[in-house]
Amino acid sequence: MATLFPRPAMGSAICLLMSIPGLVGAASAQETAAGDQTVVLDTIVLSAEDQIKQSLGVSNITAEDLEIAPVANDISQIVRRMPGVNLTGSTATGQRGNQRQIDLRGMGPENTLILIDGRPVMSRNSVRMGRSGERDARGDSNWVPAELIERIEVIRGPAAARYGSGAAGGVVNIVTRRPTEPTLSFGAYVNAPENSMEGGDYRANFLFARPLGADLTFRLTGNYSKSDGDDPMINAGADTTMCEIEGEDGSTSTVACPAAGVEGVVNKDATALLSWQIDAENSLDFEAGISRQGNIFAGDRQNTSVNDVLTSLFGEETNVMLRKTFAVTHRGNYDFGTSQSYLQYERTDNRRMVEGLAGGPEGSITDTTMGTIKLENITAKSEWVLPLTLAGRDASLTLGGELRHERLNDAISNQMGVNGGSIPGTESDPALRDPEMTQLTAGLYAEANIYVSDRLTLTPGLRLDHGDTFGFNASPSLNASFKIDDAWTMKVGVARAFKAPNLYQLNPNYVYYTRGRGCPVNFPSLGSGCYVVGNADLEPETSINAEIGLAFDAGQGLQATLTAFHNDYRDKIQAGLEPVGTFPTPDGRAQYFQWINIPKAVVAGVEGSLSAELSPVLNLTTNFTYMAKSENKETGDPLSLVPEYTINAALDWQVNDRLTVTPSLTHYGRIDSPERSPTTQAPVENPRARDPYTIVNLGLNYRLGENARLGAGVTNVFDETVLREGSGTSAGANTFNEPGRAFYMSLQATL
């Protein structure tokens, strides 16, 4: 029976062991009765990676889970139901609040690394980052349609440190389907909101796979999906902001300009995969893909400022993300160990209408002229798992290396002038600024999986990275598992994780300007405003991530976990609140600030899960997350606008061999508002918290036959609609929309 919320990793350990009989090494010999004889099974040892993936901070979402609770568009909608996971806008300011992305353990979307088949997805880095960390980006979790996914691995805490830069919060690995038999499958989905001001969703896709001979297999996928944008006035009842708009003839008019709802998006995706089984030991995959995401503009802007150009574009396409990839992957299975290596080229063309770069109009479309930001990433990685013996006991050693090169070409976001002055280290003439920025990082890592005794397993690790922009960084880790008895297991982990500064933060020629209102309150304008520029001397963000927990497995379908986590966050990068210096301008003097590393922040909480088979046809799954602390120690404000606690629960009822009914709910606790603006430290005028609310869903999954399935259901059954109450800190914590009641239907068939 499928479950909407995956069982604890402890419960899946037995399945994992059974699925890898050829894996190197052994924990201990296993015995099983066969009649009157005792059969001794071959010993089995997990690799360090497989051992880590059984840690308490790991969840697995299966293809069956996606059938029971199909997502409307983005897989973040189901990932958010895992313990330790929420969705937040890209910054705690509330700006871009409806561009909600996966946030693991309150570390923010920028510390969540998205992978597809183990390879990094970095397209969002092509979008300009504002000085509060905000991006007008949807994140990188929407490049694969749900029907083409085999499973999703959600890895949180110390287990994620082995993945290098960007995984301080955790990792989401989307694993695509790889049929080995001739397959032709189709999927379709439609979602119809009850509220006509909310956008609906439509999706259709296919997967075709067949052998091309004894050693070759070919796979082709295609997808088209459309999510309509909300009506631009959807939040008018909650946000009464009025704006003055100046027309082309110079006249002005006062109009209602509430915060925008959820933006729409049209996805077009295609991939081709050719797998070559060279011999019994070696295989090669050649994969190419192209995806296009075009938005449907709903009026969103970074601040409250609007203009006649912006308001004329409602419902139009104002930005396009075109992502192209090519990858070659080698897998080896030898007498002395196993290996997996890949080389991936990823290019993203971020084409969008020109946005303002300063003050109130920053992040608002001011011109219909289109400009393109180009990002190219080349990633190479090789990993080897080798058996060994330590002090007479079986073990395994994992060795790996990774090389990543980023090149960003942006002649749009570095065009802010300096009003006749000259900032030290910054080219004053925008036309002379180099639009190209690069960063090269190289990493080596080693992990060992050591069975100290029949009860105790240790997994020490060390990763060393070097960047041509930040120097060396060391990331040691230690995970341990101790089996207390047949039912109880204790697991602990501690690791140092890091995130390299991004190319906008490092670039001295990337300039932000404010005439005065955007200056820090302790350092007001000297007459010519304030500037914020990139800083080539930034250090990586680092965090010490620790967790300790218990896993309980009583058998007969009863399993539970309880985990406490604490992330000591150091060197977080933010726009500085104290000036680096001043410089003369024709109007007087101006102050300039830089991106800096702040001393300390902290995130702490508790997460847990419970799975119980109440009867042969009823299965209950539930999990919770409690965020005890999320605090920037310098300002006292939260790092992310996430609920104090979240509870997810689902009941799978197998009515008969064909029909499964799944009622589920998610309860979100209070979300506290920032007390001060992160960029100026000005007090928030009305720091309104988001009150707790509950979303109830009902899903039905009906097997039409062996190879066809029909799904239907109602989301947000009781129409618990949540509206956005403003842009930026003016909304407090009320920075996003939660869609109301909607009805969906899905169909999937395999020929």
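**Disulfides, core and cavity**

Cys530 counts as buried because its relative accessibility is 2%, where buried means under 20%. The model in which this value was computed is a predicted one. Cys519, at 4% relative accessibility, counts as buried as well. The two residues form a disulfide in which the sulfur atoms stand 2.0 Å apart, and with 115° about the S-S bond the link of Cys519 and Cys530 is right-handed. Since Cys519 lies in the loop between strand S25 (511–514) and strand S26 (527–533), while Cys530 lies in strand S26, the pair ties together parts that are 11 residues apart in sequence.

The structure holds 2 disulfides, and the other one joins Cys243 to Cys257, with an S to S distance of 1.8 Å. This link of Cys243 and Cys257 is right-handed, with 70° about the S-S bond. Cys243 belongs to strand S13 (residues 242–246) and Cys257 to the loop between strand S14 (252–256) and strand S15 (264–277), so this pair ties together parts that are 14 residues apart in sequence. Both Cys243 and Cys257 are buried. When bonded cysteines are counted along the chain, the disulfides follow the pattern 1-2, 3-4.

In soluble globular proteins, nonpolar side chains tend to be buried together. The largest nonpolar core here has 29 residues, of which Val79, Ile102, Ile152 and Val172 touch the most other members. Among the elements that give two or more residues to this core are helix H4 (76–79), strand S4 (85–88), strand S5 (101–104) and strand S8 (149–156), and the largest share, 3 residues, comes from S8. Leaving aside neighbours within four places in sequence, Ile102 is in contact with residues including Val79, Val85, Leu87, Ile114 and Val172, and also with Ser76, Asn86, Thr112 and Ser141.

Two or more lining residues come from each of S4 and strand S28 (558–575), with S28 giving the most, 5 residues. By residue class, the lining of the second largest cavity divides into 15 nonpolar, 21 polar and 7 charged residues.

Terms used
Residues numbered from 1 in each chain as written. Predicted model: local features only at pLDDT ≥ 70, side-chain atom pairs only at ≥ 80, totals over all residues. Heavy atoms only, no water. Core = buried A, V, L, I, M, F, W, Y, C linked by side-chain atoms within 4.5 Å. Buried < 20%, exposed > 50% of the residue type's maximum accessible area, 1.4 Å probe, protein only. Helix = DSSP H or I, 4+ residues; strand = E, 2+ residues; numbered from the N terminus. Contact = heavy atoms within 4.5 Å. Nonpolar A, V, L, I, M, F, W, Y, C, P; charged D, E, K, R; others polar. Disulfide = S-S within 2.5 Å.
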